[in-house]
Amino acid sequence: MTLEITRRTLIGGLGAAALAAPAILHGQMLFNAYPFRLGVASGDPTPDGFVLWTRLAPDPLADGGGVPMAPIGVDWAVASDPGFKAVVQKGTAIARPELAHSVHVEVTGLLPDRPYWYRFMVGRDRTLLGRTRTLPLPGANVRALKFAVAGCQNYEDGLFTAFRHMAAEDVDFVFHYGDYIYEDRWRPKDPGHDGRPRPTVRPHIGDKPFSTDDYRRRYAQYKLDGDLQAAHAAAPWWTTFDDHEVEDNWVGLEDKYDTPAAVFRLRRAAAFQAWYEHSPVRAGMIPGPTGIAMHRRARYGTLLDAHFLDTRQYRTNQPCDDDFKPDCPAVTDPKAQVLGTEQEAWLARSLGGKRARWNCLAQQVMMMRLDRRTGDTVVPIRNMDSWAGYMTPRERLLERCRGLGNVVVLTGDEHQNFAGELATAKGETVAVEFVGTSISAGGDGGDVRRDAAEVRSHNPQLKFSNDQRGYLICSVTPDRWETRFRVMDRVTVAGEVSTRAVATVEHGVAGVVMG
Ligand code: FE
Ligand code: CA
């Protein structure tokens with residue numbers, strides 16, 4: 001009876017429309033603390049816009065972030081000057097509880113190839129200014145481009161000071177190769193590569209994540225870091241994901257614990273949702289029943305086509321039961337996939353079009369087939385979670401690169417810096433690969449690992465290695481590609497950055513020169 005009266009009263013008082021959609025809350029008094037504690041971000045630029053991101057979270061580590069469970073209006077504005085005098089676009093976005101009150105504004109109608117500044121507001125609370133940038137027009141004669149390559153930010157292993165330094169580099173964009181979070185719980189650390197125990201600089205909060213709320217809390221812990229926030233506020237990001245956004249070395253619907261695919265799919269979906277909620281990416285990347293449509297392309301005029309690849313979702317299981325192993329027959333499985341047929345065809349069409357001066361394959365796992373053997377081992381040892389475990393699709397891709405003389409592969413995952421060359425099975429060098437180290441994963445490190453000279457002796461294609469933390473800065477002109485390896489002296493304390501090495505590639509020559 002009471003229920004009937006309540007329903008009638010509601011329908012009479014608010015009308016059917018009010019029942020169909022919950023009221024959107026606006027303005028003051030919604031929060032008992034500053035709601036923008038996770039900062040701002042921008043990404044996925046087009047010639048006339050970009051995505052602007054923030055998330056309302058006055059209490060970021062609490063369930064629900066300390067936000068009322070209702071849609072909330074968030075005002076945003078874009079200006080063409082850092083003084084924020086000339087506002088060129090503004091609007092109100094809805095932060096929805098379904099998406100942890102994150103906001104993804106897809107701004108359009110702006111001018112190409114220039115910086116813009118932006119901020120968000122709710123009531124009297126406003127964010128700091130972020131700086132971002134539109135893409136050049138696809139036919140623009142771009143003469144120079146500068147961008148950063150970063151990823152693998154293990155919160156426990158070190159501070160994110162490298163991101164603070166990266167924010168000061170004045171780049172056109174950042175490519176993030178994944179491992180934005182690490183999913184493990186706090187644990188006493190394994191010994192590092194120098195044999196000494198790795199200290200836990202800052203412990204993870206909470207156990208290993210499985211639910212969406214678990215992953216949200218992990219992202220919140222990471223995104224509270226001011227150095228990471230500074231890097232987001234400084235430039236647009238092209239964000240991808242690797243394994244640790246979900247679970248160490250997952251591929252497709254398989255984890256390393258033999259969890260049934262139908263069960264692992266649930267965990268992956270929870271992780272993907274939290275990834276979307278905390279990434280400055282478009283609504284087209286909201287996870288669907290089959291996953292996230294993550295691979296995409298950016299055209300920096302006629303200078304550079306950047307192909308952001310997905311080497312996890314469509315890959316077949318690692319051969320030889322994964323890990324660092326001698327080759328087993330499955331390494332040459334003709335049916336093995338890394339990109340999957342659809343993504344591979346999408347990439348091949350673009351490479352075959354010979355459109356841009358440079359082609360950049362921005363991806364996650366190493367394409368160089370390194371022999372990792374050390375000591376008394378007499379057979380080659382491979383990283384089965386890299387392209388070296390997938391010889392058939394690897395060879396197909398390298399054949400696509402043959403004759404282009406303009407392919408540069410950018411990679412993460414290894415927690416070491418590498419520069420080297422990629423050759424087909426016939427021995428023809430067709431591309432260059434730069435592997436970026438990590439922001440913090442692996443801890444302080446040192447110039448080279450103990451086994452570096454041995455690894456170099458087995459791998460003539462490898463021209464440079466280094467085991468410090470940091471990021472890459474790529475400066476690209478029509479005739480020359482320069483990659484600077486920016487390394488941190490320490491990450492267990494706030495460290496300094498310096499250039500450890502400079503690598504150059506001349507256009508038309510698939511080879512790397514170290515300087
Ligand atoms: Fe990593
Ligand atoms: Ca990884």
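Select E344 first, which sits in helix α7 (residues 341–352). Helices here are DSSP runs of H or I with at least four residues, strands are runs of E with at least two, and both are numbered from the N terminus. The model is predicted, so local features need pLDDT of at least 70 and side-chain atom pairs count only at pLDDT 80 or more, while totals for chains, interfaces and linings use all residues. Residues are numbered from 1 along each chain as its sequence is written, chains are lettered from A and ligands numbered from 1 in the order in which they are written, and side-chain values use heavy atoms, with hydrogens and water left out.

E344 counts as buried because its relative accessibility is 14%. The classes are buried (under 20% relative accessible area), exposed (over 50%) and partly exposed in between, with a 1.4 Å probe and protein chains only. Show the contacts of E344 next: not counting residues up to four places away in sequence, it touches Q337, L339, P393 and R396. Contact means heavy atoms within 4.5 Å.

**Prolines in loops**

Go to P329, in the loop between β14 (324–326) and α7. P329 is exposed, with a relative accessible area of 72%. The C-alpha atoms of P329 and P191 are 32 Å apart, and the two residues are 138 residues apart along the chain.

Then select P68, in the loop between β2 (49–55) and β3 (72–79). This proline is partly exposed at 26% relative accessible area. Leaving aside neighbours within four places in sequence, P68 is in contact with L25, L30, F31 and H101. P68 and H101 are 33 residues apart in sequence and 9.5 Å apart in space, C-alpha to C-alpha.

**Two backbone angles**

Most residues other than glycine have a negative phi. Which way does phi go at A100? A100, not a glycine, has a positive phi of about 55 degrees. A100 belongs to the loop between β4 (87–95) and β5 (102–107), and at 8% relative accessibility it counts as buried. N249 is also not a glycine and has a positive phi of about 60 degrees. Find N249 in the loop between β11 and α6; it is buried, with a relative accessible area of 16%.

Select α4 (residues 212–223) and α6 (residues 261–277): their axes come within 8 Å and cross at roughly 40 degrees. Axes are lines fitted to C-alpha atoms, for helices over the stretch in contact, and angles run from 0 to 180 degrees between N-to-C directions. The crossing is right-handed, meaning that the near helix is turned clockwise from the far one by less than a right angle. On the α4 side, show T212, Y215, R216 and Y219; they meet R267, A270, A271, Q273, A274, W275 and E277 in α6.

Move to α5 (residues 226–234), which is largely enclosed by the rest of the structure because 7 of its 9 residues are buried. Those buried residues are D227, L228, Q229, A230, A231, H232 and A234. They pack against β1 (40–46), β6 (115–122), β8 (130–133), α3 (161–167), α4 and β11 (237–239).

**Aromatic rings**

Colour Phe, Tyr and Trp: the structure holds 24 aromatic pairs. Rings (the six-membered one for Trp) pair if their centres lie within 6.5 Å; planes under 30 degrees apart count as stacked, over 60 as edge-to-face and the rest as tilted. F160 and F163 form an edge-to-face pair, 6.0 Å centre to centre with 90 degrees between the planes. Both F160 and F163 are buried. F175 and F308 form a tilted pair, at 5.7 Å and 40 degrees. This pair links distant parts of the chain, with F175 in strand β10 (residues 173–176) and F308 in strand β13 (residues 304–308), 133 residues apart. F175 and F308 are both buried. To finish with rings, select the cluster that ring pairs make of Y155, F160, F163, Y180, Y219, Y222 and W237.

**Nonpolar cores**

A nonpolar core is a set of buried Ala, Val, Leu, Ile, Met, Phe, Trp, Tyr and Cys residues joined through side-chain atoms within 4.5 Å. The largest has 75 residues, and F147, L304, L410, F434 and W481 have the most contacts inside it. Helix α6 gives the most to this core, with 7 residues. Apart from it lies another core, of 28 residues, including V365, M366, M368 and V407.
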